[in-house]
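Have the model open as you read.

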Amino acid sequence: MSPDDDRNDGLFGGSGETRTRLPEGEGGGDDVYGGTRRSTRGGRTSSRGLVTVVGVVVLLIAAIAFANRGGDESSSGGDDGDKAASSPTAPSGTKPEGGKTGGIASGFAKTKQGAESAAANFAVPLGSAEMFDKNKRNAILNTVMAPSSVAKFQTELDKAYTAPFFKNVGLNEDGSTPSGYQFISRTTPIGTKATAFSEGKATVEVWCGGLLGLAGEKSTKPVTNSWFTLTMELAWIDGDWKAVTHSQKDGPTPVPGDDRASNSDEIAKAVEGYGGFTYAR
């Protein structure tokens, strides 16, 4: 979540707690989330239906191919070599993490894929609603950041998460959520790419989608989505990856679809009802 503005473009971009491997755990009218579906043109609806059918067929083919792999050990090894480059979205077959520390995935492999998994999982809490609470924020920083970087980021974020900033995103001046509303900040990693890797060091880019806003019938800061790329420099410290530094840029941003915006109640229930995942390369 960015402390710089209400578009989530700052130190810890994005929005919050979603975690993709194993699960843990219409309205309209005058609602600010309402709005009508944009009109379709040129058979847009039928073409979208065709895309959906094709997508299902592709998934079925992929599932059959996976099942036919049998128990071939060579196809599920943990090496970071050419297979990752030729099949960038395929799971490595290596256990991506060894457990959790403070609810955040930890115990990653000392490999390029391990670094990518670490960066993806670190992006989630760093863009979560918990970052707006000083005590929870400090706990997150102590878990994901390198010890040498914790104090620096704590100081910078304490200066950023101020009363004017809280007000700008719809919160009370102390960072609490106004009565009758639900504050939402979630980050969802879309993909990862290691741009540099050497013994004990890695630079990883994480492409993310984010949600930020205040869900409530009369909210003037409705939940909106954003797209951004995080870049983390990681170091291998005491048997695990830790983030040393972090930066963010906008995009890549896809063209918006013609989906109707959900009302505030739908958004609030979705955030409450849909749990997160642990992300793996």
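## Helices, a strand residue and rings

Helix α4 (residues 134-144) and helix α5 (residues 147-160) pack at an angle of about 150 degrees, and their axes sit 10 Å apart. Axes here are lines fitted to C-alpha atoms, for helices over the stretch in contact, with angles running from 0 to 180 degrees between N-to-C directions. This is a predicted model, where local features need pLDDT of at least 70 and side-chain atom pairs count only at pLDDT 80 or more, while totals for chains, interfaces and linings use all residues. Residues are numbered from 1 along each chain as its sequence is written, and side-chain values use heavy atoms, with hydrogens and water left out. Helices (H or I, at least four residues) and strands (E, at least two) are DSSP runs, numbered from the N terminus.

So how do the two helices run? α4 and α5 are therefore roughly antiparallel to each other (that label needs an angle over 145 degrees). From α4, Lys134, Arg137, Asn138, Leu141 and Asn142 meet Val150, Phe153, Gln154, Leu157 and Asp158 of α5 (contact means heavy atoms within 4.5 Å). The residues of this contact split into four nonpolar, three polar and three charged (Ala, Val, Leu, Ile, Met, Phe, Trp, Tyr, Cys and Pro count as nonpolar, Asp, Glu, Lys and Arg as charged, and the others, Gly among them, as polar).

Over in strand β3 (residues 182-198) you'll find Gln182. Is Gln182 buried or exposed? Gln182 is buried, at a relative accessible area of 19% (buried means under 20%, with a 1.4 Å probe and protein chains only). Leaving out residues up to four places away in sequence, Gln182 touches Thr177, Gly213, Leu214, Ala215, Ala268, Val271 and Glu272.

Now for the rings. A search of the whole structure turns up eleven aromatic pairs (rings of Phe, Tyr and Trp, its six-membered ring, pair if their centres lie within 6.5 Å, and planes over 60 degrees apart count as edge-to-face). Here are two of them:

| Edge-to-face pair | Centre to centre | Angle between planes |
|---|---|---|
| Phe108 and Phe122 | 6.1 Å | 85 degrees |
| Phe132 and Tyr161 | 5.1 Å | 85 degrees |

Phe108 lies in the loop between β2 (104-106) and α3 (112-126) and Phe122 in helix α3, 14 residues apart. Both Phe108 and Phe122 are buried. Phe132 is in the loop between α3 and α4, with Tyr161 in the loop between α5 and α6 (163-168), 29 residues apart.

Methods: Parallel < 35°, antiparallel > 145°, perpendicular 65-115°, else oblique. Buried < 20%, exposed > 50% of the residue type's maximum accessible area, 1.4 Å probe, protein only. Phe/Tyr/Trp six-rings, centres within 6.5 Å; stacked < 30°, edge-to-face > 60°.
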